Amino acid sequence: MLPSISLAQEIGLAVLLVAAIVSFTGLRHLRGDARFAHAEPAAAESLPMIPSQRGSAGHPMESVKLTEAEKQAFAGLIRTILLH
């Protein structure tokens, strides 16, 4: 017992110490599980509700038809990005 603090403060200190120990133990447990590398599951196993791609073209709604001027502007933009 510490003579300079009240009983309520001692109880609060004890509760705080127990909470800190429990938190530290829980974090050590979580980090201990992450210490070993787990193999990544395949995309089909982890997300079965997402359909696989049908090919490199993709869905028609996911593509945009560009005019020749837009294609040239995009090519110019890419060239300027690659130069920097």
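1. Secondary structure. In this predicted model, the protein chain has 3 helices and 0 strands. Read along the sequence, the elements follow the pattern α-α-α.

2. Confidence. The mean pLDDT of the protein chain is 78, and 64% of the residues reach 70 or more. Among the elements, helix H2 (residues 43-46) has the lowest mean pLDDT, at 53. Helix H3 has the highest, at 91.

3. Burial and surface. Of the 84 residues in the protein chain, 1% count as buried. The chain exposes about 8300 Å², and carbon and sulfur atoms supply 68% of that area.

4. Helix H3. This helix covers residues 68-83. H3 has 16 residues and reaches 23 Å from its first C-alpha to its last, which is close to the 22 Å expected at 1.5 Å a residue. The number of buried residues among the 16 is 0, so H3 lies largely in the open.

5. Nonpolar patch. Which residues form a nonpolar patch on the surface? They are Phe74, Leu77, Ile78, Ile81 and Leu82. Together they have about 510 Å² of accessible area. As a general point, an α-helix has 3.6 residues a turn, so residues three or four places apart point the same way.

How values were computed
Residues are numbered from 1 along each chain as its sequence is written. This is a predicted model: local features need pLDDT of at least 70, side-chain atom pairs count only at pLDDT 80 or more; totals for chains, interfaces and linings use all residues. Side-chain values use heavy atoms; hydrogens and water are left out. Patches are made of residues with over 30% relative accessible area and no salt bridge: like charges are joined within 9 Å, nonpolar side chains (Val, Leu, Ile, Met, Phe, Trp, Tyr) within 5 Å. Accessible areas come from the Shrake-Rupley method with a 1.4 Å probe; for residues, only the protein chains shown count as cover. A salt bridge is a side-chain nitrogen of Lys or Arg within 4 Å of a carboxyl oxygen of Asp or Glu. Helices (H or I, at least four residues) and strands (E, at least two) are DSSP runs, numbered from the N terminus. Buried means under 20% relative accessible area, exposed over 50%, partly exposed in between (1.4 Å probe, protein chains only). The expected span of a helix is 1.5 Å times one less than its number of residues. pLDDT is the predictor's confidence in each residue, from 0 to 100.
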